[in-house]
Amino acid sequence: MKRFAIAALLAAVVILSRADGEGPAAQERRAQERRGSLTSLGMTPWAWERREDLRFLGEGKSVAYYAGLITLDGDRIDIAPRRNPLLLPKNTHRIAVIRIETKSAPRQAPVDAIKKLFRNAEELQIDFDATKSEREFYRALLFDVRREIKARLTITALASWCMDDRWMRGLPIDDAVPMLFRMGDDAKVIRARLARGEDFAEPLCRASIGVSLDEPVIAPRSRRVWVFNDDRWTEEAWQSAAQFASR
Amino acid sequence: MAKRRAVRIAVMVALCAATAVPCSWDTTPAFSFRVRPDDPESYINGSIGIIGKEFARSHLVVAYRWLSGNPPSNAEREGFLSLIDHRLKRFVAAERPATTWEKARAEIRGVQPGSAPWEDRSGSDYGYFTNCNDDAFLNAVEVLRDRASRFGAKSAAVASWLDAQETVFENCHEGMSIPKPAEPSLPPLIRADRAYQIAAANFYAMNYDDARAQFLAIAGDSGSPWRQTARIVAARALLRKATVPVRSENDGAYVFDDEPMQQAERDLRAILADASLAASHDQARQLLRFAAFRLHPQERFAEVAKALMKGPGSAVEARSSLDDYTLLFDREDVEKRNDDLTQWIETIQGGGNAIGKWRETKKPHWLVAALASASEKEAAELLEASGKIGADSAAYPMVAHHRARLLLASNKTDEARAELDRVLEQKLPEGSRNLLLEQRRSVARSLADFVRDSQVTPVGYDAEQTEEKFTYPLLPEDAAKVLSEATPLDMLADAAMTNDLAKEIRNPILIAAWTRAILLDREDVAKRLAPTVIAIAPGVEKHYDAWLKASAEQRRFAAADLVVHNGGLLPVIYAYGGRLATDTDLESVNHGGGNWRCFHGAEPLKSVPPFLARANTADERLALMELGSGPTFMLQAFLDLAGENPKDPRVPEGLSLAVKGTRWACGDAETDKLAERAFNLLHKRYASTTWAKETPYWYKSGY
């Protein structure tokens with residue numbers, strides 16, 4: 001905790017300091033340190049379905065990239081893989097984000113489809129909305145995925161699932177990321193409850209938060225932060241994500 | 001190394017618009033869409049309705065054609081619809097052609113179908129491209145059936161053909177698998193097929209130079225049934241070579257190789273010049289358009305703008321023109337020409353001298369653009385001109401909407417209402433009808449008219465502008481505000497008892513009126529509404545009967561006892577009806593919010609519909625304000641009751657429920673103080689009760 005606070009303070013100082021008067025090498029070194037400080041604080045950008053060049057992050061950071069969409073419609077499974085190029089620095093820890101949508105009650109678990117889209121990544125994140133009637137399907141699917149894919153497994157989760165619901169209890173996942181943006185009608189209530197110091201009741205939701213550059217964040221501190229940008233990532237946009245690192 | 005040309009293309013952004021934002025959980029209903037028509041098919045067929053300045057340009061092109069008096073031909077409509085369905089992800093084939101192939105293959109083999117080939121192959125940098133198109137699988141099915149009927153499904157010839165074709169499709173997703181050359185003993189047709197299969201396998205394996213050479217060799221073989229097809233596919237190999245793998249340069253721009261793209265263009269022109277290849281001409285034109293988009297974007301933009309303005313074209317051309325036009329429109333390096341379509345779209349989207357253009361041209365689409373951006377100063381001229389547009393015109397709903405807007409701005413309420421009455425008699429797109437009803441609500445002369453026009457059905461969700469079939473109406477925000485903040489209790493009760501009201505509309509109004517009657521001690525109204533309330537929420541009867549029997553002095557405590565047991569008792573009406581639109585479980589405390597009453601001290605509305613012009617709600621508003629928020633009212637009541645009658649059995653339970661309620665409801669400036677007092681009292685005076693034991697904390701109220 002203390003180390004986190006010191007690192008955050010250092011990051012803020014580095015970000016605020018100006019590079020005037022330094023040579024190009026020193027400027028680049030400082031820029032590398034600055035960029036590195038964000039991801040070393042547990043900041044992971046989501047690179048969604050648009051062309052993205054994240055090489056400015058520097059080596060050895062983590063990036064969660066949209067790997068594709070799986071649509072389930074009864075027996076039918078459609079896979080729409082990522083279409084846009086994604087440029088990453090060397091040695092990036094790659095987290096494939098796979099979105100699953102349902103058109104009608106699914107009758108087949110899309111484990112093979114997930115395996116196809118998961119290639120090239122070190123970690124897997126599954127993004128889905130589960131209606132009450134679909135929860136058992138997703139629970140079983142996550143057990144299948146856990147068995148078939150030997151990698152860290154996370155899911156995105158509605159903040160309300162994390163706050164009051166108990167349906168995620170016992171899911172075979174490493175982490176559920178409470179999505180604290182685009183919350184619709186729930187936003188006011190969730191933010192108010194977090195503002196008065198409540199934490200997520202679901203233990204799986206207590207390691208990280210999902211935020212967006214364009215929405216205010218009220219959330220428990222010292223969490224891994226996943227950051228969504230509604231536009232292409234640029235170095236400037238990534239710097240603006242520092243607000244989440246220093247909180 | 002071929003020179004690379006960087007091209008900024010919005011293609012992918014546009015194609016992936018629906019997934020450019022991670023799926024939102026914001027399910028706020030939309031009564032009309034900002035960026036798209038609610039039913040694209042009717043829209044393309046002329047039911048234009050009311051277009052907004054945020055509409056996607058593809059929809060504005062369609063509107064332009066209808067409003068300018070040059071409706072698209074049936075073929076063009078088909079082409080436009082196919083593109084719009086694709087972009088809105090509305091079209092899903094009954095069966096993937098790859099699955100059709102897998103079934104056909106399995107049938108001939110006499111086995112159960114397995115997994116169909118995956119059409120997409122990794123290009124580079126994590127992006128995939130569609131390597132094996134649907135046509136490839138459908139053609140393979142056709143050829144398989146033909147060869148089976150010629151040589152027999154179980155023949156060695158068909159077995160060999162099938163082995164080779166399965167190998168071809170192995171390349172769709174990954175790897176490099178090339179079929180072996182045909183045995184000399186096989187029939188000549190199967191040997192000709194094999195040459196094509198080998199070239200196709202190289203094509204899918206991304207060996208584009210080899211593939212092209214092999215296809216050209218087949219094209220030169222007068223005995224091959226694949227002669228014509230091979231010539232076209234040889235050009236396609238060049239186009240693939242130019243664009244695959246998908247690459248981007250440092251600034252994120254897409255790049256392609258000029259040289260193979262230009263060679264493909266020359267080859268395709270040669271095909272068009274060769275009358276003996278007439279069967280391939282349509283396909284050659286299509287591929288030429290693909291090349292022109294990349295090699296000559298400026299010329300292509302001018303060409304498609306002209307085609308879209310003029311029509312008619314084939315369905316394929318129309319789709320391609322609309323696709324290319326809208327994609328090139330977004331490119332900064334493409335100069336927007338001074339054509340009427342582009343000017344009109346830019347004016348609709350960003351303003352401009354629409355009235356000047358209308359005065360100059362007297363064209364109806366410019367009149368619509370002028371009306372949409374007209375100020376009060378220009379109203380008279382435009383109202384006169386637009387009065388001649390009849391209900392049979394595609395422009396009529398849009399014209400009526402803006403005429404009503406201008407009339408309302410000039411305080412010509414009766415004329416605006418008459419305009420709206422006329423247009424609402426027409427068959428209209430749902431979203432446009434909802435916009436017109438919103439305008440008519442603002443000039444409603446009676447409660448009945450207002451309630452009638454408040455029953456509107458959403459067309460989908462607002463956040464992602466996605467359509468959704470709602471089977472019930474919901475109260476729009478403006479209607480909820482008028483009913484909640486400007487309507488006297490008696491009228492609210494009348495509204496709740498309106499005949500034939502959908503329950504999603506009635507219930508929020510009914511509960512608000514009844515709760516308000518209880519809180520304001522209006523027994524007459526409470527009694528009038530009680531049977532209907534009890535019918536939908538039988539649980540409230542017990543505490544309501546106690547309230548009825550209570551003396552005047554005890555009424556406040558009985559009301560608090562009723563309210564504290566029912567988190568759903570709201571004296572206010574929220575947009576879309578809040579939780580009460582679809583939930584009649586009054587007893588529950590909804591952890592997502594919407595319990596008891598929030599107190600935001602809202603200002604009175606600036607304007608109200610005419611039927612409320614003389615309504616006075618000031619006293620009722622004041623009385624409700626004095627009660628404070630829901631938790632404050634409950635806490636204060638039970639603290640007072642504890643003071644008056646400490647042994648009243650309702651006190652410990654009421655204190656406990658009210659304290660816990662602060663966690664799930666809005667508070668006001670007094671709430672936290674009262675919650676702490678109530679908690680302390682509960683634990684001091686009633687410490688031995690179950691209620692005290694079940695209340696370990698007090699909470700700061702929120703929201």
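## Ground rules

Because this is a predicted model, local features need pLDDT of at least 70, side-chain atom pairs count only at pLDDT 80 or more, and totals for chains, interfaces and linings use all residues. Residues are numbered from 1 along each chain as its sequence is written, while chains are lettered from A and ligands numbered from 1 in the order in which they are written.

## Chain B as a whole

Chain B holds 33 helices and 8 strands. Both kinds of element are DSSP runs numbered from the N terminus (helices: H or I, at least four residues; strands: E, at least two). With a radius of gyration of 35 Å, well over the 27 Å that the globule rule gives for 703 residues, chain B is more spread out than a compact globule. That radius is taken over C-alpha atoms, and the rule is 2.2 Å times the number of residues to the power 0.38. Along the principal axes, the C-alpha trace of chain B spans about 110 × 70 × 50 Å.

Of the 703 residues in chain B, 48% count as buried. Here, buried means 20 or more other C-beta atoms within 10 Å of a residue's own, exposed means 12 or fewer, and partly exposed is in between, with C-beta atoms placed from the backbone. Looking at contacts in chain B between residues at least 6 apart in sequence, 65% join residues at least 24 apart. A contact needs the C-beta atoms, placed from the backbone, to lie within 7 Å.

Chain B has an open sheet of 3 strands in the order β2-β7-β8, paired antiparallel. Strands pair if DSSP finds at least two bridges between them. β2 (29–30) and β8 (466–467) of chain B are the edge strands, each with a single partner, so one side of each has no neighbour in the sheet. β2(B) and β7(B) (residues 460–461) are joined by 2 bridges, and B:Ala30 has B:Gly460 as its bridge partner.

## Parallel strands in chain A

Over in chain A, β3 (residues 62–73) pairs with β6 (residues 93–104) in the parallel sense over 11 bridges, with A:Val63 opposite A:Arg94. β6(A) also runs parallel to β7(A) (residues 123–128), through 6 bridges.

## A helix and a loop in chain B

Helix α8 of chain B (residues 188–204) has 17 residues and reaches 24 Å from its first C-alpha to its last, close to the expected 24 Å at 1.5 Å a residue. That expectation is 1.5 Å times one less than the number of residues. Since 13 of its 17 residues are buried, α8(B) is largely enclosed by the rest of the structure.

B:Ser393 sits in the loop between α18 (379–386) and α19 (396–409) of chain B. B:Ser393 is partly exposed, with 18 other C-beta atoms within 10 Å.

The largest nonpolar core has 137 residues, and B:Ile509, B:Ala513, B:Leu529, B:Phe638 and B:Ala678 touch the most other members. Helix α25 of chain B (residues 503–519) gives the most to this core, with 10 residues. A core is a set of buried Ala, Val, Leu, Ile, Met, Phe, Trp, Tyr and Cys residues joined through C-beta atoms within 7 Å.

A second, separate core of 123 residues includes A:Trp46, A:Ala67, A:Phe128 and B:Ile271.

How values were computed
Contact = placed C-beta atoms within 7 Å.
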